[in-house]
Amino acid sequence: MLEALKEEVCAQNHELPANGLVVGSGGNVSGRDAATGLVVIKPSGVKFAKLTPETMVVVDLDGNVVEGKMKPSVDTGIHLFVYRHRADVLGITHTHSPYASSFAARGERIPAVLTPITHILGRDVPCSRYATPGEVDTGQAIIDAADGGWAVLVKAHGVFTMGKSASEATSIAMYLEEAAMTTHLALTRGPIKELPQEEIDRCYSWFRENYGQTGQKKINS
Ligand SMILES: [Zn+2]
């Protein structure tokens, strides 16, 4: 079942080590099937190199395994908590990527100083309160801090990004880490002025209208 989604979620999990966002078997990607509400997620404790679409685990929103031979990711409960509270989310990516997580370690948000990430998020990257690892406390901290947005740092933990698909959530995690690294480097040379929200809003709309092959407005047409 859900063969296409298993392939997508598996491929996106492979993107995490390929882009330097994880070490060992840490980090995970899931995707929710819009039609059935079922969630496909990485199995627990399996090295990324060993992941195939067949090893992906299918669970329902209550965490019951619907298909798969292996135990789902230890973070499955957190993913499901977010899916239950955000009908608009169809993909979640979790990493401990170092530059973004260094802001989480300090309990600091990533300020909105770079258009490549504000184009995507339309705002800064908020940092949650400290949350005990596990489904309810971390899940609630993500929902509260995200406030309807697509990326959040969990204090003293790492990064959770959300999207309209597993691919989108993973793409946001990659751009977020790049932005965190550049912002960190810039901050070592002194304070940075944040972009005004009015300009962020303008860039966010422009990006949505023009980016890629499916932008709502075609350039030069
Ligand atoms: Zn984690």
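**Close-up views of a predicted model**

**View 1. Helix H2 (residues 76–85) is mostly covered, with 7 of its 10 residues buried.** A residue is buried if 20 or more other C-beta atoms, placed from the backbone, lie within 10 Å of its own, exposed if 12 or fewer do, and partly exposed in between. Helices (H or I, at least four residues) and strands (E, at least two) are DSSP runs, numbered from the N terminus. This is a predicted model, in which local features need pLDDT of at least 70 and side-chain atom pairs count only at pLDDT 80 or more, while totals for chains, interfaces and linings use all residues. Residues are numbered from 1 along each chain as its sequence is written. The buried residues of H2 are Thr-76, Ile-78, His-79, Leu-80, Phe-81, Val-82 and Tyr-83. Their cover includes strands E1, E2, E3 (57–59), E5 and E8 (158–163), as well as helix H5 (135–146).

**View 2. Helix H1 (residues 3–18) packs with helix H6 (residues 166–187) at an angle of about 10°, their axes 9 Å apart.** H1 is therefore roughly parallel to H6, a term for angles under 35 degrees. Axes are lines fitted to C-alpha atoms, for helices over the stretch in contact, and angles run from 0 to 180 degrees between N-to-C directions. H1 contributes Glu-8, Val-9, Gln-12 and Glu-15 to the contact, and H6 contributes Ala-166, Ser-167 and Thr-170. Residues are in contact if their C-beta atoms, placed from the backbone, lie within 7 Å.

**View 3. Buried residues of H1 include Leu-5, Val-9 and Leu-16.** Among the elements covering the buried residues of H1 are strand E1 (28–32), strand E2 (39–41), strand E5 (91–95) and H6. Gly-20 follows H1 and has a positive phi, near 70°.

**View 4. Val-152, Leu-153 and Leu-176 touch the most other members of the largest nonpolar core, which has 54 residues.** A nonpolar core is a set of buried Ala, Val, Leu, Ile, Met, Phe, Trp, Tyr and Cys residues joined through C-beta atoms within 7 Å. H6 supplies the largest share of this core, 7 residues. Not counting residues up to four places away in sequence, Val-152 touches Val-125, Pro-126, Ser-128, Ile-142, Ala-145, Ala-146 and Phe-160.

**View 5. Thr-55 lies in the loop between E2 and E3.** Thr-55 counts as partly exposed because it has 16 C-beta neighbours inside 10 Å. Thr-55 touches Pro-43, Val-46 and Met-70, not counting residues up to four places away in sequence.

How values were computed: Angles under 35 degrees count as roughly parallel, over 145 as roughly antiparallel, 65 to 115 as roughly perpendicular and the rest as oblique. Two residues are in contact if their C-beta atoms, placed from the backbone, lie within 7 Å.
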